[in-house]
Amino acid sequence: MACVRIASGGEVSRAVRTFETTTARLIELAEWLEASGCTHVAMEATGVYWKPVWQVLAGSGFELVLANAAHVKNVPGRKTDVNDATWLAELLAHGLIRASFVPGPEIQELRGLLRTRKQLVREKASHVQRLQKTLEEANIKLESVLSDVMGRSGRAMIQALIAGETDPAKLAALAHPKVRAPQARLREALRGRVKRHHRFLLDLHLQQIEALDAGIAAIDREVDAGLASFRDAVKQLSTIPGVSELSAQVILSEIGTDMSRFATAAHLRSWAGLCPRNDESPTGQARGLKAHGKRRSTRLRMGAPWLKAMLVQCAWAAARTKATYLNAQFVRLRTRRGPKKAVCAVAASILTAAYHMLKDGTFYQDLGATHFDRRRPDAHARRLVKRLADLGFSVQLKPAAAVS
């Protein structure tokens, strides 16, 4: 449903037409909009259904605006396609639609590949868990003796079980020499009751895992071929602690390389959903003075779930790095706000660093683990003196120059 709003001579006229979503009908939509003198087009972001419309209209020279459906809600009880189209045209004419971020075609292709890769990894993890469940049902305790059930040794033992081997000694002999578990413990863990339906399920899950591994490898090759113009940006982002090459590719596919789309790093953090939302209850006037409202919630918004999930994963890795600013930030906030809020703050710092690195073309420079101590040395010294006093010591501080 499309509505054209035309203002001429102080009068406003509207025309509404219905088009099917096939390519031929969408081309007719573009021709009708062009014949009507339309220059700006706004549409709601509804799942993936907006993408073919966007692709057809993008080649016709229109200035496209993608609107978040939650931002352009109309009065309840007046929900029809005609009313929605007319309402969008009215909002666009008055500049009341905040355009959503839509990256360029190359970034969109990279985003589609890496999101599909993430889904395949999740499916593979599900099949690995089902395979382990089947082994546990047959009383095969592989997960207790091998760090990776789907490693070289685990796969060899599972394939032997599928083939009908039941001798624990022969199964244990398939372990790689680097496996730390002793042979006696391996034989005990491989002594079970594997039945025919267990072998069938193990074979089924193993085939699915191998097929998913092949799909992930194919996506990796396709991503590598499409990274020709983004390799420098991936190399830049990989210098951030906790950010691997794959993580850098995911971050790049979600935010792109053009940081002019976001006014500041705070705008990017807000778009990603890595800052507390504004939710304050109204209080009105009290004796002529306006009182402050009560803060009801500081939970993070949904934001960009694919980007936020990867940033939090990188933040957990960065929090474990030694002698870095991100580790010091996590430790400092964990005692006061808890580990979950602390790791979200680290994720926000990683995104802030990525913003400035892509904007300025620079590499990551760590502030060091002592950054917070250097920022306020007097307060840190008072804290240490108080700690020593609590332990029963009397301390008198003197400047280093006076001591020497």
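Lys-79 is exposed, at 62% relative accessibility, where exposed denotes over 50% relative accessible area, buried under 20% and partly exposed the range in between, for a 1.4 Å probe and protein chains only. The side chain of Lys-79 meets that of Asp-84 in a salt bridge, with 2.6 Å from N to O, and Asp-84 is buried at a relative accessible area of 15%. The model is predicted, so that local features need pLDDT of at least 70 and side-chain atom pairs count only at pLDDT 80 or more, whereas totals for chains, interfaces and linings use all residues. Residues are numbered from 1 along each chain as its sequence is written, and side-chain values use heavy atoms, with hydrogens and water left out.

Salt bridges, defined as a side-chain nitrogen of Lys or Arg within 4 Å of a carboxyl oxygen of Asp or Glu, number 13 in the model. One of them joins the side chains of Glu-136 and Lys-141 at 2.5 Å, N to O; Glu-136 is partly exposed at 34% relative accessibility, and Lys-141 is partly exposed at 29%. Another salt bridge pairs Arg-155 with Glu-210, the closest N and O atoms lying 4.0 Å apart. This pair links distant parts of the chain, with Arg-155 in helix α5 (residues 152-163) and Glu-210 in helix α8 (residues 196-226), 55 residues apart; helices are DSSP runs of H or I of at least four residues, numbered from the N terminus. Arg-155 is buried, with a relative accessible area of 18%, while Glu-210 is partly exposed at 36%. Both residues belong to a network of salt bridges that also includes Lys-124 and Asp-213.

How values were computed
Helices (H or I, at least four residues) and strands (E, at least two) are DSSP runs, numbered from the N terminus.
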